[in-house]
Structures are given as structure tokens and as C-alpha cells.
Amino acid sequence: MNFAEWFAVHLDFLPPQAAVLITSMLPLIELRGGIPLARLLQLPLGEAILFSVIGNILPIPFILLFIRQIFNWLRPTRLFGGLVTHLETKAMNKSDNIRKAEFMGLLLFVGIPLPGTGGWTGALIAALLQIDLKKATAAILCGIALAATIMSLIAYGIFG
């Protein structure tokens with residue numbers, strides 16, 4: 001059972017649009033899981049894109065605006081200090097290309113659907129690198145649009 005099938009089975013109490021929106025909000029899964037789930041749930045392409053993109057975008061402002069403060073608050077705690085350090089290290093290890101070409105690097109990082117990339121990680125890296133909020137937001141939104149295009153082609157077009 002792949003992840004889209006798992007979500008289809010475990011979120012079957014929700015309308016398909018809500019299941020796709022919630023799935024697309026999750027870190028690591030994002031719209032890379034939302035669009036295939038929408039295809040599995042037989043949503044039309046337009047609805048798949050709409051609910052996946054909205055779900056993927058919703059957490060981004062909170063990450064960009066608050067993650068540094070949250071990490072600073074959690075880092076000294078015994079329970080979450082190690083997790084914060086791990087997340088920061090993992091994000092910063094992926095930041096070299098973004099640091100060099102801020103806008104285009106961030107756009108491509110978010111937009112190319114590979115493991116460990118996406119809006120959540122892109123927003124985390126942008127916040128940790130203190131990239132200008134407007135530039136980071138625009139790059140992440142463009143990256144989400146690119147990822148939605150690629151995933152739509154895969155799920156509904158080329159392989160659909």
C-alpha cells in the first residue's frame with residue numbers, strides 16, 4: 001500500500017477535497033502526496049490542484065514568521081532541544097544552492113519534487129537563512145506552482 005492509498009483508506013470519513021487539503025498540509029508529504037491522493041479519489045484535475053496548493057500554502061506563513069522564535073523557545077528544553085538541533089542541521093545541510101541563488105535556488109528547491117524538498121523545508125531554510133520575507137514567499141509560491149504542475153503531469157497526464 002503506497003502513501004496515497006493509506007491516506008485514502010484512513011481519511012475516508014472526510015470529503016475527498018478535505019482529505020487532499022489535509023494531506024497537502026503535512027510536512028514531507030505536501031502536494032506531492034495530495035495530488036496523487038486526489039487522483040486516487042477521482043477528483044477532477046482542477047480540484048486536485050486547488051485543494052493541494054491551498055493545503056501546501058497554509059503552513060508556509062507560520063513557518064516563515066514564527067519558526068525561529070519557536071526553535072529558540074524549544075532549543076533549551078530537554079524534550080525538544082535535540083529535535084530542534086536535528087531539524088536545523090538537516091535543513092541547513094540542504095541550503096547551499098539556496099544560499100547562492102536565493103530566489104531561483106529556493107524556487108527550484110521547493111518546486112522539484114524530490115525527497116526532502118518542498119514548501120515546509122524551503123520555508124524553514126528561508127527562515128534560518130533570514131531571506132527577505134517577500135522574496136522567500138514569492139519563491140516558495142512559485143515553487144509550489146511548479147511542483148503542482150509536475151505532480152499533475154505525473155498523476156493526471158503522463159502516467160495518469
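Before I list any meeting residues, I note that contact means heavy atoms within 4.5 Å. I also note that this is a predicted model.

**Entry 1: helix 3 and helix 4**

I started with helix 3, residues 30-40, and helix 4, residues 45-57. Which residues of the two meet? From helix 3 I found Glu30, Leu31, Gly34, Ile35 and Ala38. From helix 4 I found Ala48, Ser52, Val53 and Asn56. I sorted this contact by class and got five nonpolar, three polar and one charged.

Next I looked at the axes. They come within 9 Å and cross at roughly 155°. Angles over 145 degrees count as roughly antiparallel. Helix 3 and helix 4 are therefore roughly antiparallel to each other. I looked up the hand of their crossing too, and it is right-handed.

**Entry 2: helix 8 and helix 9**

How do the axes of helix 8 and helix 9 cross? I read an angle of roughly 155°, with the axes coming within 8 Å. Helix 8 spans residues 102-111. Because of that angle, helix 8 is roughly antiparallel to helix 9. Helix 8 passes helix 9 in a right-handed crossing.

I then listed the contact. Helix 8 brings Leu106, Phe109 and Val110. Helix 9 brings Gly119, Thr121, Gly122, Ile125 and Ala126. The classes are five nonpolar, three polar and no charged.

**Entry 3: helix 5 and helix 9**

I stayed with helix 9 and turned to its crossing with helix 5. Their axes come within 9 Å and cross at roughly 50°. That angle makes helix 5 oblique to helix 9. The crossing is right-handed.

Which residues of helix 5 meet helix 9? I wrote down Ile60, Ile63, Leu64, Ile67, Arg68 and Phe71. Their partners in helix 9 are Gly119, Trp120, Ala123, Leu124, Ala126, Ala127 and Leu128. By class I got 11 nonpolar, one polar and one charged residues.

**Entry 4: the largest pocket**

Last, I looked for empty space. Rolling a probe the size of a water molecule over the atoms shows where such space is left. The largest pocket has a volume of about 370 Å³.

How many residues line the largest pocket? I found 16. Pro27, Leu28, Leu87, Thr121 and Leu124 lie nearest its centre. Helix 5 (60-74), helix 6 (81-93) and helix 9 (119-128) each give two or more residues to the lining. The largest share, four residues, comes from helix 6. I sorted the lining by class as well: nine nonpolar, four polar and three charged.

I went back over my lists for helix 9. Thr121 meets helix 8, and Thr121 also lies among the residues nearest the centre of the largest pocket. Leu124 is in the contact with helix 5, and Leu124 is also one of those nearest the pocket centre.

Key
Residues numbered from 1 in each chain as written. Predicted model: local features only at pLDDT ≥ 70, side-chain atom pairs only at ≥ 80, totals over all residues. Heavy atoms only, no water. 1 Å grid on protein atoms, 1.4 Å probe; cavity = no way out; pocket = protein on both sides within 12 Å on 5 of 7 lines; lining within 4 Å. Points joined across faces, edges and corners; volume = space filled by probe spheres on them. Nonpolar A, V, L, I, M, F, W, Y, C, P; charged D, E, K, R; others polar. Axes fitted to C-alpha atoms, helices over the stretch in contact; angles between N-to-C directions. Parallel < 35°, antiparallel > 145°, perpendicular 65-115°, else oblique. Left-handed = near helix turned anticlockwise from the far one by under 90°.
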